[in-house]
Amino acid sequence: MVDATATRQGPGRVLIAVYGLFALAATSRAAVQIATDFSAAPVAYVLSAVAAVIYCAATFALARATRVSRKVATAAIVVELVGVLAIGAFSYAVPEDFPDATVWSHFGQGYLFIPVVLPVLGLLWLRRTASD
Amino acid sequence: MFEPLTWALVALSLVAMVYAIVLAARDRRIDWWLLGLLGVVEVLLLAQLVVGIVQLTGTDRDVSAVLFCAYLIGSLIILPIGAFWALAERSRWGAGVLAVACVVVPILELRMYEIWAV
């Protein structure tokens with residue numbers, strides 16, 4: 001029997017709080033970057049905005065905690081993991097495209113590497129709550 | 001920036017964070033001491049918003065107003081949202097949520113201090 005609401009209980013509540021925080025941080029960062037000086041680093045700023053959308057989706061899907069939202073959360077977090085690894089690698093390989101950082105640049109170094117750890121924890125938590 | 005207010009906010013939010021971690025570690029729920037302390041921090045954050053905007057209009061420093069105000073407003077909404085999310089949890093993890101919310105306040109204050117000092 002799958003308890004669909006399990007993602008927002010217990011440790012999941014702290015996980016969602018951290019996701020919410022990164023949703024807020026990524027959204028404000030992208031908004032300020034795009035509003036103030038978009039042409040300075042368009043690649044980085046668009047990716048900032050993509051990261052913001054992913055964090056918002058993951059936060060709301062984990063917090064909603066229905067069967068459907070579990071699938072949405074899983075998809076968002078897989079994209080997040082791929083995104084943080086890809087942008088992390090690109091930000092080292094093509095630094096000229098990233099004169100200004102995104103949340104995912106250098107594997108989230110500016111955010112204590114939490115961006116690269118968070119999706120792993122998220123997927124583990126989804127798996128754990130699915131088998132209850 | 002009015003530094004005493006900044007350092008008071010850093011210190012008080014770290015005290016609240018440690019207290020929240022102690023509650024979670026001892027398997028306790030959020031108590032009124034923690035909520036009271038967060039209330040005091042929130043009032044000081046509100047004062048920081050007012051002081052920050054007043055100082056921003058009077059300074060000749062090259063501070064990014066958009067960025068600075070984003071941090072001032074962001075710091076103001078963290079604790080209420082954290083408390084809302086934490087109070088719905090009837091276990092030690094509610095205090096865990098508030099510990100996370102508390103650690104954000106000093107980070108934002110120190111970032112603001114950096115932006116101001118440039």
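**Notebook: helical spans and pockets**

I started with chain B, residues 95–113: the chain there is 100% helix and 0% strand, with the end C-alpha atoms 28 Å apart. This is a predicted model, so I keep that in mind throughout.

I checked residues 65–88 of chain B next. That span is 96% helix and 0% strand, and its end C-alpha atoms lie 36 Å apart.

I then looked up the record. The unreviewed UniProt entry lists residues 6–25, 32–53, 65–88 and 95–113 of chain B as "transmembrane region".

I found 38 residues lining the largest pocket, and the closest to its centre are A:Ala25, A:Tyr111, B:Tyr71, B:Leu108 and B:Arg111.

Which element gives the largest share of that lining? It is H1(A), with eleven residues. I noted that H1 (11–37) of chain A, plus H3 (65–87) and H4 (92–117) of chain B, each supply at least two lining residues. Sorted by class, the lining of the largest pocket has 23 nonpolar, ten polar and five charged residues.

I moved to the second largest pocket, with a volume of about 470 Å³. Its lining has 20 residues, and A:Ala17, A:Gly20, A:Leu21, A:Thr59 and B:Ile81 are the closest to its centre. Two or more lining residues each come from H1 and H2 (42–64) of chain A and from H3 and H4 of chain B.

How many charged residues line the second largest pocket? I found none; the lining has 17 nonpolar and three polar residues.

Conventions: Residues are numbered from 1 along each chain as its sequence is written. Chains are lettered from A and ligands numbered from 1 in the order in which they are written. This is a predicted model: local features need pLDDT of at least 70, side-chain atom pairs count only at pLDDT 80 or more; totals for chains, interfaces and linings use all residues. Side-chain values use heavy atoms; hydrogens and water are left out. On a 1 Å grid over the protein atoms alone, a cavity is a set of points where a 1.4 Å probe fits but cannot get out, and a pocket is an open set with protein on both sides within 12 Å along at least five of seven lines; lining residues have an atom within 4 Å of a point. Helices (H or I, at least four residues) and strands (E, at least two) are DSSP runs, numbered from the N terminus. Ala, Val, Leu, Ile, Met, Phe, Trp, Tyr, Cys and Pro count as nonpolar, Asp, Glu, Lys and Arg as charged, and the others, Gly among them, as polar. Grid points are joined across faces, edges and corners, and a volume is the space filled by probe spheres set on the points. UniProt positions are given in the numbering used here, feature names are shortened, and annotations may be inferred rather than shown by experiment.
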